Amino acid sequence: MTAAPHSEVVRSDAVEERGGPSAGDGAHRARQGAVALDQAREIATRIATNIERVIEGKPDIVRLALVVLLAEGHLLIEDVPGVGKTKLAKALARSIDCSVRRLQFTPDLLPSDVTGVSVYNQDSRDFEFKPGAVFANLVVGDEINRASPKTQSALLECMEERQVTVDGTTYYLESPFMVVATQNPIEMEGTYPLPEAQRDRFTARVSMGYPDTRAELAMLSGHADHDPLEDLRPVSNAAEVRSIIAAVAGVYVSPAVSSYVVGLVAATRRSSELRLGGSPRSSLQLLRAAKAVAALAGREYVLPDDVQQLVGPVLCHRVILTPEAQIARRSASDIVADCVKRVPVPRNAPDPTAS
Amino acid sequence: MTQATIPETGTTQGVAVDGGAVEEGAGQSGAADVAADTRGAVRTGVHDDESLAERARSLRLGAACGAATVLTGAALLPVFVNSGWLAPAITMVVVITLTGIGVRSLPRVAGLAPLAQLLAGFVVLNLFFAQQHLTLGFIPTPGSTRDLRAVLGEGLLDLQAQAAPALLLDGLVALTAMAIGLAAILVEFLVIGLRRAALGGLAQLVIYLVPVATLVGMPNPISFVGPALGYLLLLYADGRDGVARWGRTVTSGNSRSLPGLVTAAQVGLGTVGLGLVLPLVIPTWPEGLLGEQFGGGSGSGPGTSLSPLARLQGELTLPETRELLRFETNVDDPYYLRSLALDTYGPDGWSLANLDSQVQVAGDGLLARLPGPQILRSMTADISVLQHDDRFLPVFSSPLSIDVAGDWRFDENSATVFSRDDTSAGLEYSLRAQQPNPTRTQLSRAPDLDPDNPLQVDFTALPTGLDPAVAALVDSLVAAAGAGGPYERTLAINNYLTDSANGFLYSLTTEPGTSGDDLVNFLENKRGYCEQYAAAMAVMLRATGVPARVVLGYTPGTFEDGAWTVTTDDAHSWVEAYFSGFGWMPFDPTPIGPGRAVELGYAPRADSVADEEQTSAAPSVSPGQLPGGQAPQFDESLSDPNTLNRTTVQDGFNWLPIAIIGGLLIVLVALLGPALIRVRTRLSRLRLVGRSRAGPGAHAAWDELMDTATDLGLTSRQDETPRMLARRLARDAMFDADSAVAVRDIALAEERARYAPESVALSRSVDLAPPLRSARRALGRHAGRRQRLRARVMPASTVNRLRPSTRSARRQTRPPGR
């Protein structure tokens with residue numbers, strides 16, 4: 001399936017929050033090691049600022065990458081060559097002081113290269129497990145569609161279950177664990193497009209989009225002679241990220257918002273223009289990401305606004321259009337946006353004076 | 001998924017505009033060119049351009065309005081003898097529709113469409129009915145306007161003279177075209193300007209009422225079907241428009257049916273059911289109630305096989321006297337019994353105008369009522385018919401009620417009781433009547449009627465060929481008496497005819513004269529019987545501008561054993577003159593014997609008594625002067641017996657005022673209901689805001705804010721979250737910083753109330769009353785006075801809530817499950 005290049009941009013919150021979290025958040029800080037929300041927000045802002053030193057003019061994309069990280073999800077960056085997909089992935093990896101592995105997917109890459117392999121150790125006279133590329137906090141998979149399907153599917157288990165099973169032995173992956181994969185939708189020759197099952201495992205897909213003129217000019221003048229990635233220093237570490245993730249998990253979700261999420265995903269399943277709608281996993285990931293958005297805004301509860309701004313990135317790569325919709329040149333993002341329009345924003349308590 | 005499961009519909013085509021409604025309706029009758037026009041425009045409006053869509057909407061609705069008006073006009077088909085009036089009427093509608101569409105397509109002046117339409121309608125009227133003075137063949141000039149006014153004036157007269165089905169007179173057709181044009185403008189204004197398609201039916205109702213009110217008997221089905229179709233078309237077009245405004249129309253998978261067909265059928269059936277049941281419990285008016293406006297009927301009045309005057313002479317010259325009636329009454333000196341009035345004077349003398357009354361005497365309503373307040377004496381009489389046999393029933397003047405068997409009707413214009421089918425033979429009937437008994441002083445204060453008053457116009461009409469000698473005689477009489485008011489003029493003529501010094505003699509045989517004019521002959525020969533005297537006096541009265549008519553009837557006859565017996569010898573003819581404030585007053589100029597004549601206090605015979613003033617009060621009349629002794633001042637249009645009688649139709653319990661008051665109340669409730677509900681809701685919400693800061697208070701504040709915005713014309717979408725709405729309100733309504741903060745505070749509170757854990761919502765609650773006040777003020781400031789007024793009188797939030805159609809339309813845009 002060829003998908004037209006989208007530019008789903010996460011809207012920024014124009015209405016600023018007034019007053020920080022003051023009360024009530026303690027009750028929702030369920031997990032151990034969680035930091036207060038304002039602290040989490042501060043760390044996240046630090047990471048985002050750091051990345052933006054490299055990726056200029058794309059604060060929304062950077063934010064979305066962070067959201068996916070905090071939602072313990074995986075990010076698929078899809079766009080034409082040369083817009084900074086790999087740079088975004090590497091910048092994110094470098095901003096956090098944690099283990100990072102990079103995998104260049106090529107047609108001859110083998111599953112064992114991804115997961116690891118047992119080799120015979122002559123000294124111990126035993127098979128010894130050599131961990132593959134996924135044994136890291138951040139795995140950057142470049143041009144993931146160039147690898148063969150069996151190699152791609154080697155990622156499946158580790159992405160969803162955060163574990164690797166080799167020769168019957170299961171090895172657990174560290175937390176945080178995030179796969180940032182890039183994919184080029186234009187040169188499809190000799191590639192293996194990601195199957196639905198695999199696409200569904202990515203929490204969000206973003207398109208970088210071209211930088212605007214000013215950002216591109218700045219890039220030319222500032223970074224023409226050296227790679228800014230070289231200057232990037234870590235501003236956080238794995239432990240901090242773990243604590244933020246714990247804080248995100250404690251964000252409150254009202255029943256109204258949960259039902260809104262379910263309603264939105266169900267709307268994509270009902271849409272007459274979609275052959276395949278969102279999966280239950282997508283509802284889960286949508287809500288998780290929404291919690292991360294709320295946390296990044298320093299808010300201890302999720303709003304429908306948070307959900308709405310994530311619907312595009314989270315759902316668009318999972319749905320499949322009907323042939324009619326394709327012929328009518330409708331894009332997945334249009335159809336998903338239509339679905340959003342059809343679902344009324346819920347209110348939890350029926351008001352006695354309203355209809 | 002296989003191909004077979006994919007519905008084959010065109011829904012993916014993104015068709016923004018659907019011309020279906022237009023093509024259906026306008027395909028009828030003369031609006032076809034409008035439809036063709038619209039179809040072309042619809043094709044160009046397919047692309048999703050906002051203004052193009054709006055223009056296409058204007059086209060579609062405009063064409064629907066025009067077609068609906070034409071269909072409604074079909075109701076008038078049975079009112080005219082043929083369909084020649086259609087051309088100007090349809091041209092009118094087409095021109096007005098096209099003008100409306102054209103003007104509305106210009107964004108700046110769209111609001112002026114009704115004015116432009118009025119102008120266009122005026123030009124069309126000029127084109128059809130006043131071509132002579134047009135500049136360049138179509139530009140109206142003062143001259144053409146005068147012509148048009150003359151034509152319309154004629155039309156008004158025709159309206160009174162003609163009965164349905166009416167002849168195609170220019171004036172009537174012009175009036176019809178004008179009415180239909182006005183209806184077209186009104187419909188468009190209601191449907192497109194105010195977006196109230198349902199009210200468009202009001203304008204149609206006006207036209208529909210014409211055949212219902214004027215035609216007697218079962219109305220022609222087309223009178224109902226035309227307007228009904230038009231109204232449905234209007235509602236359908238508006239409904240489609242309402243659905244289209246929510247987005248593309250999404251039809252369910254395989255059905256090719258029209259959207260909303262099931263709902264439409266439900267509503268339609270329900271309405272028809274109600275329409276059948278409700279009339280059973282609603283009081284009704286007699287049919288043709290308003291029909292008299294169209295006046296005098298089929299032309300074959302009752303008893304016209306023989307001229308009434310000829311029969312009068314026949315009765316008087318019968319070789320043997322026959323007893324006609326016997327009656328008993330409660331007064332000592334009953335005045336004459338009237339049979340009928342001759343109200344038209346032509347070259348052939350006095351004749352009877354058409355009688356076409358539907359007023360049954362069989363009710364117990366008041367029939368004739370004299371303009372009060374004045375001294376009246378009531379009388380009752382029990383009459384038994386001996387040998388009288390006529391289609392006119394002899395009654396005393398101004399009968400209030402008549403108790404009689406048979407289909408007798410009362411014609412108010414001539415105060416005549418008549419029947420088409422029954423005769424008076426063998427009847428026994430009783431009646432109650434009023435006799436006016438003013439003093440001469442009172443009568444002399446009666447002013448002349450307004451020259452435009454229909455009474456004055458109709459009852460002073462004389463043929464153009466009247467001998468100038470008559471007029472000269474009248475003038476000299478009036479001048480000699482120095483008479484001023486109508487009563488003094490009447491008296492002068494009365495005195496002339498009744499004064500024996502002038503040589504008038506009673507004679508059943510008339511001498512042929514030399515002038516060839518019976519009237520002039522009589523005035524010269526001074527020989528004649530009651531017919532000549534009454535006819536002459538009536539003509540002379542008319543010549544001096546007093547409304548007058550000739551009455552035929554009987555003198556009371558002879559009194560014996562407590563009963564009066566009327567014979568053929570008592571057949572008589574006299575005059576009635578109309579005086580403002582008193583009604584029709586009888587005068588008898590005929591010198592009949594004192595045994596027959598009844599003296600009237602206000603009309604003394606010149607040769608009888610000198611002490612007229614003493615006899616002015618009849619014995620049985622309660623004496624008394626009018627308060628202040630002033631001549632009563634009346635609005636003649638009100639004291640016109642036609643108007644009076646119409647309001648007191650026939651049944652004792654008068655439904656009309658109750659119905660009118662009830663109807664007004666219903667309309668008032670319908671108009672003010674939403675406003676009242678809105679006020680109540682607002683107050684209860686404000687109380688809630690004041691009482692609780694979290695949860696319910698926040699919801700109440702938010703709902704109030706949303707409803708205020710809706711009332712002021714700012715809409716919200718269902719997928720908008722509180723803060724999105726707050727942002728949009730602040731932007732759309734151009735809030736200043738403070739109001740924007742206020743709206744945001746309310747939105748954030750609502751958000752917390754909805755989505756935050758209760759502890760958070762409670763801990764951060766704020767008093768929302770001040771921000772709500774300032775936000776509402778800011779919204780009002782933005783909206784402008786007209787919007788504010790509309791929000792107050794017809795709050796859209798409440799109206800929408802009361803009207804389920806919007807909600808179902810909204811539901812309809814949601815696609816069905818696959």
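Axes are lines fitted to C-alpha atoms, for helices over the stretch in contact, with angles from 0 to 180 degrees between N-to-C directions.

This is a predicted model, in which local features need pLDDT of at least 70 and side-chain atom pairs count only at pLDDT 80 or more, while totals for chains, interfaces and linings use all residues. Residues are numbered from 1 along each chain as its sequence is written, and chains are lettered from A and ligands numbered from 1 in the order in which they are written.

Two strands pair if DSSP finds at least two bridges between them. Strand E16 (residues 571-579) of chain B pairs with E17(B) in the antiparallel sense over five bridges, and Ala577(B) has Met585(B) in E17(B) as its bridge partner.

Another antiparallel pair in chain B joins strand E7 (residues 399-403) to strand E10 (residues 428-436) over four bridges. Here Ser401(B) stands opposite Arg432(B) in E10(B). Four of the five residues of E7(B) are buried, where buried means 20 or more other C-beta atoms within 10 Å of the residue's own, exposed means 12 or fewer, partly exposed lies in between, and C-beta atoms are placed from the backbone.

Chain B as a whole has 28 helices and 17 strands, and buried residues make up 42% of its 818 residues. A contact requires C-beta atoms, placed from the backbone, within 7 Å of each other. Among contacts in chain B between residues at least 6 apart in sequence, 73% join residues at least 24 apart.

Gly73(B) gives a local view. This residue lies in helix H3 (residues 50-73) of chain B and is buried because 29 other C-beta atoms lie within 10 Å. Beyond its neighbours within four places in sequence, Gly73(B) is in contact with Ala89(B), Ile180(B) and Ile207(B). The C-alpha atoms of Gly73(B) and Ser223(B) are separated by 8.5 Å, although the two residues are 150 apart along the chain. Ala89(B) is one of the buried residues of H4(B), which also include Met92(B), Val93(B) and Ile96(B). Helix H4 (residues 86-105) of chain B reaches 28 Å from its first C-alpha to its last over 20 residues, close to the 28 Å expected at 1.5 Å a residue; the expected span is 1.5 Å times one less than the number of residues.

Helix H14 (residues 468-481) and helix H16 (residues 518-525) of chain B have axes that come within 9 Å and cross at roughly 45°. H14(B) and H16(B) are therefore oblique to each other, as angles under 35 degrees count as roughly parallel, over 145 as roughly antiparallel, 65 to 115 as roughly perpendicular and the rest as oblique. Ala469(B), Val470(B) and Leu473(B) in H14(B) meet Leu519(B), Val520(B) and Leu523(B) in H16(B).

Chain A averages a pLDDT (the predictor's confidence in each residue, from 0 to 100) of 80, and 87% of the residues score at least 70. pLDDT stays under 50 over residues 1-32 of chain A.

Technical notes:
Helix = DSSP H or I, 4+ residues; strand = E, 2+ residues; numbered from the N terminus. Contact = placed C-beta atoms within 7 Å.
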